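Biologist: Can you walk me through this one? I'd like to start with the ligand site.

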Amino acid sequence: MVRAVGLRKGFGTVEAVRGIDVEVERGEVFGFLGPNGAGKSSTMRMIATTSPISGGVLEVLGMDPATRGPQIRARLGVCPQDDTLDTELSVRENLTVYGRYFGLSRGTVRERADELLAFAHLSERAGARVDELSGGMRRRLTIARSLMNRPDLLLLDEPTTGLDPQARHALWDQLYRLKQAGVTQVLTTHYMDEAEQLCDRLVIMDGGRIVAAGTPAELIARHCTREVAEVRLGVVDHAEHADRLTDLGARVEVLPDRLLIYADDGEAVLAAAHARGLAPVTALVRRATLEDVFLHLTGRTLVD
Ligand SMILES: Nc1ncnc2c1ncn2[C@@H]1O[C@H](COP(=O)(O)OP(=O)(O)O)[C@@H](O)[C@H]1O
Ligand SMILES: [Mg+2]
């Protein structure tokens with residue numbers, strides 16, 4: 001569905017994408033996970049054929065975006081990072097006007113609009129104006145709109161950024177149902193839980209480069225232990241205490257407010273720490289996540 005080899009994007013002297021290799025297979029949900037400025041949106045715009053590539057190779061649906069842009073766009077659904085709904089129009093009109101761009105008949109447009117309003121749980125709001133909708137509803141409408149042409153490939157740039165937890169879960173459900181229906185999805189996110197929940201495979205991007213690639217489970221297994229013991233020692237310099245714990249796990253990471261000790265048995269680490277006379281203010285054991293993978297690879301947290 002997408003093949004990139006050594007793909008690059010520059011803006012003057014800024015190298016937003018510095019040579020990435022990516023292959024997206026039919027039917028999968030593929031993610032670009034990375035912090036702000038990693039180059040995710042620049043990559044998405046090239047795949048969406050709205051931004052020319054600066055170097056390397058890019059094929060979308062087996063075609064070259066430089067010469068086959070219109071043919072590619074006819075088969076793409078695009079949800080940009082910022083909502084681009086027409087606020088002058090009603091919810092329903094946003095779908096029908098968009099559908100007409102693709103040259104669909106009035107009857108087809110009406111049918112698909114009904115179907116997608118129901119899918120996005122917006123049937124009751126069909127006559128409302130877009131500026132009356134909540135952020136979550138707008139996002140669901142944007143996704144519904146991107147599906148009007150029954151795309152083979154759906155591109156979603158930060159689909160849940162700025163949404164409250166409930167709206168995020170509603171949207172995840174919408175994307176999950178699309179996956180079940182066989183729609184190939186490429187999405188970007190800076191939320192590791194989102195990537196972990198939604199993506200079959202993903203790449204972690206940082207500074208325009210891919211720093212790791214695989215399934216969420218593979219990435220965690222490759223770069224982390226099974227569990228993480230988190231220890232908060234109160235108002236102290238946590239770095240000064242890291243040495244007392246290093247031998248208890250495979251690795252220790254120091255954050256401003258806590259120490260992370262990576263080990264397959266987190267409870268055993270806590271027990272050993274207590275036995276050494278360490279008295280944490282709080283301590284917990286959790287499963288390792290993609291956030292830990294990112295921290296390990298870059299030395300930084302994803303959402304600062
Ligand atoms: N149109 C543009 N002109 C100049 N620089 C840009 C432009 N778009 C993005 N950049 C720069 O490219 C880098 C990557 O940005 P972007 O692709 O938006 O990252 P992300 O979506 O991961 O946050 C950033 O340093 C950003 O400032
Ligand atoms: Mg972005």
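Modeller: A polar side-chain atom of Ser 42 sits 2.5 Å from an oxygen atom of ligand 1. Polar contacts here are pairs of N or O atoms within 3.5 Å; within protein, one must be able to donate a hydrogen and the other to accept it, and residues adjacent in sequence count only if both atoms are side-chain atoms.

Biologist: How much of ligand 1 does the protein bury?

Modeller: The protein buries 61% of the 560 Å² that ligand 1 exposes when taken alone. Those areas come from the Shrake-Rupley method with a 1.4 Å probe; for residues, only the protein chains shown count as cover.

Biologist: Before I go on, what are the ground rules?

Modeller: This is a predicted model: local features need pLDDT of at least 70, side-chain atom pairs count only at pLDDT 80 or more, and totals for chains, interfaces and linings use all residues. Residues are numbered from 1 along each chain as its sequence is written, chains are lettered from A and ligands numbered from 1 in the order written, and side-chain values use heavy atoms, with hydrogens and water left out.

Biologist: Which element gives the largest share of the shell around ligand 1?

Modeller: H1, with 4 residues. Strand E2 (14-24) and H1 each supply at least two. Helices (H or I, at least four residues) and strands (E, at least two) are DSSP runs, numbered from the N terminus. Shell residues have a heavy atom within 4 Å of the ligand; among them are Phe 11, Lys 40 and Arg 45.

Biologist: And backbone atoms?

Modeller: A backbone N or O atom of Ser 41 is 2.8 Å from an oxygen atom of ligand 1. For a polar backbone atom of Ala 38, the distance to a ligand 1 oxygen is 3.1 Å.

Biologist: Now the metal. What are the protein donors of the magnesium ion?

Modeller: Ser 41 (OG) and Gln 81 (OE1), 2.1 to 2.3 Å from the ion, ligand 2. Ser 41 is in helix H1 (residues 40-47) and Gln 81 in the loop between strand E5 (76-79) and helix H3 (91-101), 40 residues apart. Donors are N, O and S atoms within 2.8 Å of the metal (3.2 Å for Na, K and Ca); water is not among the atoms, so sites may look incomplete.

Biologist: Is Glu 158 buried or exposed?

Modeller: Buried, at 3% relative accessible area. Buried means under 20%, exposed over 50%, partly exposed in between (1.4 Å probe, protein chains only). The Glu 158 side chain also makes a polar contact with the side chain of Thr 161, at 2.5 Å.
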